Amino acid sequence: MIRLDHHLLSWELFCLNFGEIVHPSRFQHKAIDVIEKCCGHLLAVVLMARALKRVQFDFSVWEHACYMLSLQHNRSQMVDRVLCNTLAFILGRHSDSAHECLKYCAFYMERKEMDKDDLIQEWIKHALINKFDEGEKIVGDLVIAFLLDSFDDQNGNSVRSAFLLDSFDDQNGNSVRIRDEIREVLVNSHFLYKGGKGLSRAPKYEAWEVAFEIHLMNNKFSELPNCPNCPQLCTLFLQNNCFLRAIPPLFFQHMPMLQILELSHTKIRSLPYSLSGLAQLQRLLLRGCKLLMELPPEVGELHNLKAFDFEGTEIIRLPVEVGKLTNLTSLKMSFYGDTDDRWKDDQYYSSRIIPQNVVCNLLQLEELIIDVSPDDKRWNSNVKDIVEEVCQLDRLNTLQIYLPEVLLLNELWKNLSSSSSANISGMHFRFTVGSHMKRIISCVPLDVEAKFGEQERYLRYVNGEYFPIEIEKILGEATAFFLDCHSTATSLSEFGIGTMKNLKCCVLAECDEIQTIVDADVNMHLSLESLEYLNVYYMKNLKSMWKGKFQWGALSCLKVLALYTCPQLTTIFTSNMISSLRNLEELVVEDCPKIESLITIHNHNYAIATLDFPKLKKMSLHYLPRLVSISYGLIVLPKLEWMSLYNCPSLKTLYPEEVQSKDLLTITGEAKWWEELKWNDSESFGPPNLDAIFVPIYWDKDLTTQLAEINVQHQARMQETEPSQQPAGPGDSLKAPAVEDKTRSKQKQVA
């Protein structure tokens with residue numbers, strides 16, 4: 001039983017239910033923010049910790065949690081604001097069925113425990129759910145979320161410990177009961193959750209009048225009520241309604257308490273003038289509204305607005321009235337790329353994307369994202385002024401910006417470094433530097449671009465020449481580096497690779513002069529010891545991964561290595577490199593026509609001990625016409641789960657050592673190749689039955705599509721064979737801050 005006078009500190013209670021957090025500092029800070037907004041309410045702390053544990057480290061969800069906890073209410077009879085806000089956040093992340101089932105418990109369950117099976121039967125009787133299994137899952141989820149208490153019928157005691165141990169296996173009781181505090185809030189508050197119901201019409205006026213929170217996302221309606229009366233509505237979620245094209249002019253007229261408005265990924269073209277009446281609005285989210293091209297001047301009346309997000313829109317220019325939003329702490333903007341004079345006769349046209357003295361007036365900004373087209377003439381002609389204004393924002397800790405010239409990066413970094421409030425080592429930045437035109441087709445896959453964009457501190461250097469000291473300085477702090485179309489670099493080492501102590505993600509694309517990734521003759525410092533992801537694309541002169549003496553400890557954190565379309569590449573691994581790659585989990589080599597083996601032996605007279613990749617799970621080798629052997633049996637792959645071999649016509653023999661993993665669930669390749677494949681002779685190993693896990697790839701179908709489908713099957717096999725071994729989320733542990741298929745088939749021929 002959690003009591004408000006419990007002696008445990010809120011932080012300790014949070015960690016007890018979430019798990020210790022050893023993760024980037026922004027999650028520690030956000031966890032502290034969540035706890036502070038719980039205002040000492042220990043039940044709220046427990047509920048939030050368990051809810052956030054479900055999403056692990058999705059920062060946007062943590063931010064939303066903080067905003068929800070901050071909501072103010074217009075009802076004097078509201079018994080518990082904090083708990084109401086907490087439940088609003090949690091229930092919004094559960095299914096509508098789970099919400100309706102919990103409401104049933106609040107209104108109809110007596111103030112004592114009820115047999116779990118009986119409760120599920122009641123839910124089915126009242127058409128809240130359809131199947132008993134569904135009810136069991138909902139009960140389990142609600143118990144884990146601490147919304148229901150689980151009891152042992154034999155003695156009537158809760159199966160939880162009195163002090164709420166961090167175990168989530170507390171759903172084994174035969175009976176459940178809803179907590180009194182949660183019952184009271186649910187009975188006295190009104191939540192309208194109709195998200196994802198496929199509604200072709202929005203709810204009637206009556207439903208809007210009593211709602212505190214409304215979820216109508218992912219539906220099919222195209223119209224909203226003209227002027228609903230919503231005196232106590234605090235949050236309104238309308239995102240992902242792809243048929244919603246317009247908002248009635250008076251729609252927001254009677255929503256005095258609205259604080260969160262989510263309209264992302266709708267087809268709206270404009271915002272109504274009644275928006276100006278939302279005096280309490282704190283978050284306005286218009287992300288991905290691709291038909292929205294203008295913002296009305298009324299946005300300037302939203303004086304309490306703290307977060308404004310219109311990334312992914314087609315806004316032509318920022319209204320000067322945005323400069324009046326002096327309480328903004330987060331501003332995320334996207335602008336339509338203007339490459340010609342088509343908008344000059346438009347009333348909203350301006351030679352500036354962002355009016356002068358707007359950015360510098362938003363002194364509370366902590367996060368600023370400006371997404372522009374690199375070929376927008378207006379941005380290129382005014383970016384220097386914008387940089388000067390950005391340099392005046394002392395509270396800034398997150399910045400994304402495109403800088404056509406390296407000199408602008410120097411000015412920006414110098415000013416940020418000299419700011420008394422800025423902490424450069426902890427600042428999150430996303431800088432794209434260098435003049436370039438927007439590509440119609442990029443050689444880098446979208447998922448890789450997205451992963452790169454998730455990094456906290458990244459630098460993308462485009463169409464560069466030589467090696468500016470400004471770039472090297474930034475790389476000393478960066479966690480991700482994208483080198484795109486550099487014209488003179490022959491290796492990554494020329495960028496001061498010894499200073500890249502924090503680099504975790506590196507993408508190299510279309511750098512025609514690069515011959516090796518690391519040149520130890522250029523830089524003798526320990527190289528890339530923190531690097532986890534290395535993706536290389538279209539490098540026409542790349543010959544090797546490493547040149548010179550290999551440094552022990554280099555690449556020791558590397559998890560993923562992907563090499564695409566490198567026509568001159570001959571050497572990937574040498575024997576002295578492999579012992580350092582103990583953490584490699586995935587290897588992709590595609591369209592590298594000179595590769596004969598993954599491992600290159602320089603001295604054939606020297607005996608080579610058997611090597612291994614102890615953590616390698618996925619290996620994909622495609623379009624390698626000269627590939628004769630994966631490793632000549634020198635590399636053991638004890639944890640391999642996935643092996644994809646396609647269009648490797650010279651690969652006629654596999655070594656048993658390469659497929660002896662007990663975890664191997666999928667092998668892909670052409671059926672004819674598989675039928676003709678032979679095993680190299682081995683005295684110590686008889687090849688296992690592998691036909692059962694072989695999946696053919698067809699030449700007349702798209703390879704990427706086939707592999708995606710096979711991967712779905714592979715993931716299903718993994719869940720069937722190892723349901724209890726799920727990968728842990730990053731940072732399972734926020735330290736408290738200082739405050740075989742059974743079918744038999746013939747074995748393959750042994751050569």
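Is D118 buried, partly exposed or exposed? Select D118 in this predicted model: D118 is partly exposed, with a relative accessible area of 43% (buried means under 20%, exposed over 50%, partly exposed in between, with a 1.4 Å probe and protein chains only).

Residues are numbered from 1 along each chain as its sequence is written, and side-chain values use heavy atoms, with hydrogens and water left out. Local features need pLDDT of at least 70 and side-chain atom pairs count only at pLDDT 80 or more, whereas totals for chains, interfaces and linings use all residues.

D118 is found in helix α7 (helices are DSSP runs of H or I with at least four residues, strands runs of E with at least two, numbered from the N terminus). Helices α7 (116-125) and α8 (132-144) each give two or more residues to the negative patch.

**Strand β20 and its partners**

Next, select residues 560-564, strand β20; because four of its five residues are buried, β20 is largely enclosed by the rest of the structure. Strand β18 (residues 533-537) runs parallel to β20, joined by five bridges (pairing requires at least two DSSP bridges). Here L534 stands opposite L561. Strand β22 (residues 586-590) also pairs with β20 in the parallel sense, over five bridges, and A562 stands opposite V588.

**The whole protein**

Finally, select everything: 17 helices and 31 strands, with buried residues making up 53% of the 751 residues.
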